[in-house]
Amino acid sequence: MAGAIIENMSTKKLVIVGVTLLLFQAFAFMVGGLIAPRPTTAAHYLATKCVDTVKHRQETKWFMPWGHNQCDKIRTFDEATAKKIEANNIVFAVHIPLPNKEMSPWFQFMLVILQFDIAFKMLNQIDEGAMVTIDVSLAYRDDSFSEWTEMAHSFEQRKLNCNFTTAKTFENEGRYYECDLLPFMEVGSVAHKYYLLNIRLPINERKKVNVGIGEIKDIRLVSIHQNGGFTKVWFAMKTFLTPSILIIMIWYWRRITLMTRPPVLLEKVILALGISMTFINIPVEWFSIGFNWTWMLLFGDIRQGIFYSMLLSFWIIFCGEHLMDQTERNRLSVYWKQVVPIVFGSFCLFIFDMCERGVQLTNPFYSIWASEVGTELAMAFIIVAGICACLYFLFLCFMVFQVFRNISGKRTSLPAMSKARRLHYEGLIFRFKFLMLVTLACAAMTVIFFIISQVNEGHWQWGEHTVQVNSAFFTGVYGMWNLYVFAIMFLYAPSHKRYGDDQSSGQCITGDAGANSGEDTQLTTTITHVDGPTKIYKMTGKEAQE
Amino acid sequence: MLAYLIYSSSVAAGAQSGIEECKYQFAWDRWNCPERALQLSTHSSLRSANRETAFVHAISSAGVMYTLTRNCSLGDFDNCGCDDSRNGQRGGHGWLWGGCSDNVGFGEAISKQFVDALETGQDARAAMNLHNNEAGRKAVKGTMQRTCKCHGVSGSCTTQTCWLQLPEFREVGNYLKEKYHRALKVDLLRGAGNSAASRGAIAETFSSISRKELVHLEDSPDYCLENRTLGLPGTEGRECLKKGKNLSKWEKRSCKRLCGECGLAVEERKAEMVSSCNCKFHWCCAVKCEQCRKTVTKYFCVKKGIQRGRNESAGSRRKSLRLKKKH
C-alpha cells in the first residue's frame, strides 16, 4: 500500500478532517448523555406468598400476586405455621412489571436476579454447600383479562452462597444471611406485556431436596431491562451510522479497484474491518420490535465478537506491513502466529456464549454458572480466552516495538537514501505513527470512559441538566470506533495524486515540491506495476544496507 | 383521603416495626422503649424532647419508609416507583422511556407525607421532630447497599446495572442507635416564644445541622427511678445480661448499668427451660422437634435487701420457664 491519502493530504485538510471527526465524536457523546436515558433499569420485586390449597392439581394454575383473581396470600410464614400450611403449598408469585405498567419490545431483553432472605436460626442453619431446587414457571399474556400462556417451566438448581457476618448466637437469631445474587432468568426479547413467575421450593426429605437451606423469609427479584428511550436512541444511531460506513466502504473499494495492481493484504483487511463494522451497524434490531426473536441477544454478541477479532487482526497486520524489515509478507499465512490466538480466543468465547445464551433460547432459566461442571467449563473457556488475549497483546507489543526499532534505524539512514526511497519510508513512518497515535487515543478513551461509567453512580447533575454517563459511554464509544473505521478507510485509501493533481505541500515530505511530483509519479507507478512495494524495496533496501 | 386509605395500613405496620426495632435496640438500656413512646401525636402536652424522643421519631419514620418501600415491591400500590415528575419530563412516557425511580423514593415521599403531617406546630419541638423524622429516612437511604450485575457481551462487565437494595431493618436500627449516642443537643427552649423571629432562628439552627444527625432539646430524665408523671417505669425488675460468651461490651455491662448504677442489686435466678431441640426444619412452616430441658441463669434488678427468689413468668415462642428458687 503506497501513497495513501493521508500522506498526500495537506496539513490544513488533515486538520479539517480531524476537527470534523471530533465534532461527530462530541455529538455521539452528547446524544447519549443528554438525549438518552440511562441504559438499563433495575426493578425490584418482592415475591408474594400464595397458598396453593389444592392437593393434586390437574392442570397448571397460575397464582397472581395482585389484581383480578389474586391468590390467597399470607404476609409472613408465622401465619402459615399457625394455619398449618406446609412448605410445599407455598407458591411465590411475582408479576412483572408492577401494577399500572407494561413491558414493551423496546426493552430488548430482560434478565432476572434472585435473592433469598434467609433468617439465621441456631437450630436451622444453612448447610455447607447447600443447593436450592426451584420449580419455576413463566407465563405471559398481552391484556389483563385473558388466560396466562405458559412460556417455560423448569426445575433449576442454584447453589446458596451465604454467609452470616455477625456472631452465630441466639441473640442474633432472625438476622439475615448475606447471600450472593443468583442469576435466575434471561430472555432475549420482551415481546409480551405481562409476565408472571410462579416459584415453588418443593421439599423432599428422602431425596434431600431443599433440606438444610435455612429458614427462608422472602424471595426478592430484580429484573433488569434496557430502557425504551435508550433503545430508540441506539437504533437511531445505528440507522445513521450504517449508510455512512457503507458509503465510505464502497468509495474505498472503488478506489482500490481503479488501480491497475491487485489489492494488497492490508487493503483487504481494512475492507474486512469496514464490512464487520457495517455488520455490527446494520440495525436488524428493528425487527425485534415486530417479531419475537429471542436470538437477537446472541446474534448481537456474535456480531460484536466478529468486529473485535477483526479489529485485533487489523492491528497486527498493520504493524506487520509497516515493519520495514524487507521481508515478504502480504499474505495472511505469515501472520498465523498472531491470528491463531485471536481466532481461538474468540472461538472459546463463542462456545461459552452458546452454552449460556444459546441454551437460554430454549430454557430461559438456564445458567452455566449454576452447576459445578458448568462453572468449571465456563471458567476454562474464559481462562483460555484470557490467555489468548495475553498472547495476542504480547505479540502486538513486540511488533510495535520492532516497528519503532526499525523506524529509529531507518531515521539515521534516511538522508543518505535516494529521494524515492526516502519518501517511501517517510510515508510508511508517518502512516504508522498516525494510526498508532489515533488507536492509542481511542483505546485510552474507551478505557477511561469505561472506568468513569463503572465508578460513577450513573449520572451527573449539571445544573438543570442530567448527564447520563453510562449512556454517553455507550453511544460515545460506539460512535468513536465507527469514526475510527471511517477515518482509516478514508485516510488509508490509495491516493490519486499521481494523476497530475500537483498541490502536494507534504507535511512529511520535506523535499521541494517541484521535484517531488516527478519522483512521486515514478514511485507510485513502479508500485502499481509490481505487486506491492515490497519486492523492489527488498532488493534496494538490502543494497542500501550493504 | 383515598390515598390515606391505601397507605394507612402500611404506615401503621411501618410505625409498629419501628417500635419493635426500638425495643430490640434498647433492650439492655435503662430506657427500654416502652409502648408509651409510640405516641407521636401532638396532643400530649407532656411532650418530651430528649434523646430518646429523637430516636423514637427517627426509627418510626424509618420504619414507615421501609415498609412502604417493601410493600411497593410487592405490588401493593398502583402508582409506586413511577414518579412521573422525575422521569416523565424527558421523553414524556416515563416507564417506557427511562424506567422508574427506585421504590425507595416512593417510600420516602409517602413517609414524609404521613409522618411529618403529625407535626402541626411551628415551635422548636416540632422542628426537632421533623428533623429527626428526616434523619430516620436518611438512615434508610444511608444503609442501603449498592449491588451490581454485569450483563455485557458473554456476561462480561462491559454493561452493568447497579441498584440500591434495602438492608435488613436491623441495619437501620443499628445505624440509628449509633446516631442516638452521638445526638446533638440544641439549646432553643429558653425564651422560645412563637414569634416570627424565633421561628426564623429555629429554622436557621436546624438547617445548619446535618440532616443525618439526631437532634434533641432537653436532657434525658433519670430512667432509674419510677416517675409516674413522666410515665417512666424505672429499672426495677428488669432483666440484664452477664457472663455470656458472645455478648458485646454494651450487653456485658448491662447489669451494672441497669441495677448497680441505679442503686439496685442483681439477683440471680435459675430457671429450667423446656425448649425444642433436635428439630427437623424445613425452609418454612413445618418443624418437628423434641423437647429438651435445660437450666438457664437469668439476672434481674431488685431493690437492695429483698434479694429473694420470686415466682415470675417469662415466656416466648416455644419456650416456657419453670422457676427454681435460689438457695
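# Briefing on the predicted two-chain model

Gln108(A) lies in the loop of chain A between strand E4 (90-96) and strand E5 (110-119). The structure is a predicted model.

**Surroundings of Gln108(A)**

- With a relative accessibility of 11%, Gln108(A) counts as buried, because the limit for that class is under 20%.
- Leaving aside residues up to four places away in sequence, Gln108(A) touches Gly188(A), Ser189(A), Val190(A), Gln226(A), Thr231(A), Phe235(A), Glu285(A), Ser288(A) and Ile289(A).
- One of these residues, Ser288(A), is joined to Gln108(A) by a side-chain polar contact of 3.0 Å.
- Between Gln108(A) and Cys388(A) the separation is 280 residues in sequence and 32 Å in space, taken from C-alpha to C-alpha.

**Contact between chain B and chain A**

- Chain B brings 53 residues to the contact, and chain A brings 80 residues.
- About 5600 Å² is buried between the two chains, and carbon and sulfur atoms give 54% of that area.
- On the side of chain B, the residues that lose the most area to chain A are Trp95(B), Trp97(B) and Trp283(B), which together account for 18% of what that side buries.
- Four salt bridges are found across the interface of chain B and chain A.
- In a salt bridge, the side chain of Arg175(A) meets that of Glu168(B), with an N to O distance of 3.6 Å.
- Between chain B and chain A, 16 residue pairs are in polar contact, with both residues at pLDDT 80 or more.
- The elements of chain B that each supply at least two residues to the side touching chain A are helix H2 (51-73), helix H4 (94-98), strand E1 (145-150), strand E2 (160-165), helix H7 (169-181) and strand E6 (264-281).
- Strand E2(B) gives the most to that side of chain B, namely five residues.
- By class, the side of chain B that touches chain A comprises 20 nonpolar, 21 polar and twelve charged residues.

**Disulfides of chain A**

- Over all chains, the structure holds eight disulfides.
- Cys50(A) and Cys71(A) are joined by a disulfide with an S to S distance of 1.9 Å.
- The link of Cys50(A) and Cys71(A) is left-handed, with -55° about the S-S bond.
- This pair links distant parts of the chain, 21 residues apart: Cys50(A) is in strand E2 (residues 48-51) of chain A, and Cys71(A) is in the loop between E2 and strand E3 (73-74) of chain A.
- Cys50(A) and Cys71(A) are both buried.
- When the bonded cysteines of chain A are numbered in sequence order, their pairing reads 1-2, 3-4.

- Cys397(A) takes part in no disulfide, and the nearest cysteine sulfur, that of Cys319(A), is 9.4 Å away.
- For Cys442(A), the closest cysteine sulfur is in Cys319(A) at 15 Å, which is too far for a bond because a disulfide requires sulfur atoms within 2.5 Å.
- Cys442(A) has a relative accessibility of 9% and therefore counts as buried.

**Disulfides of chain B**

- The sulfur atoms of Cys148(B) and Cys162(B) are 1.9 Å apart and form a disulfide.
- With 100° about the S-S bond, the link between Cys148(B) and Cys162(B) is right-handed.
- Distant parts of the chain are linked by this pair, with Cys148(B) in strand E1 of chain B and Cys162(B) in strand E2 of chain B, 14 residues apart.
- Cys148(B) is partly exposed, at a relative accessible area of 30%, and Cys162(B) counts as partly exposed at 24% relative accessibility.
- A further disulfide joins Cys224(B) to Cys262(B), with an S to S distance of 1.8 Å.
- The disulfide of Cys224(B) and Cys262(B) is left-handed, because the torsion about its S-S bond is about -65°.
- The pair links distant parts of the chain, 38 residues apart: Cys224(B) is in the loop between strand E4 (215-216) and strand E5 (239-240) of chain B, and Cys262(B) is in the loop between helix H10 (254-258) and E6 of chain B.
- Cys224(B) and Cys262(B) are both buried.

How values were computed. Residues are numbered from 1 along each chain as its sequence is written. Chains are lettered from A and ligands numbered from 1 in the order in which they are written. This is a predicted model: local features need pLDDT of at least 70, side-chain atom pairs count only at pLDDT 80 or more; totals for chains, interfaces and linings use all residues. Side-chain values use heavy atoms; hydrogens and water are left out. Contact means heavy atoms within 4.5 Å. Buried area is the accessible area (1.4 Å probe) that two parts lose on being put together, summed over both. A polar contact is a pair of N or O atoms within 3.5 Å; within protein, one must be able to donate a hydrogen and the other to accept it, and residues adjacent in sequence count only if both atoms are side-chain atoms. Helices (H or I, at least four residues) and strands (E, at least two) are DSSP runs, numbered from the N terminus. Ala, Val, Leu, Ile, Met, Phe, Trp, Tyr, Cys and Pro count as nonpolar, Asp, Glu, Lys and Arg as charged, and the others, Gly among them, as polar. Buried means under 20% relative accessible area, exposed over 50%, partly exposed in between (1.4 Å probe, protein chains only).
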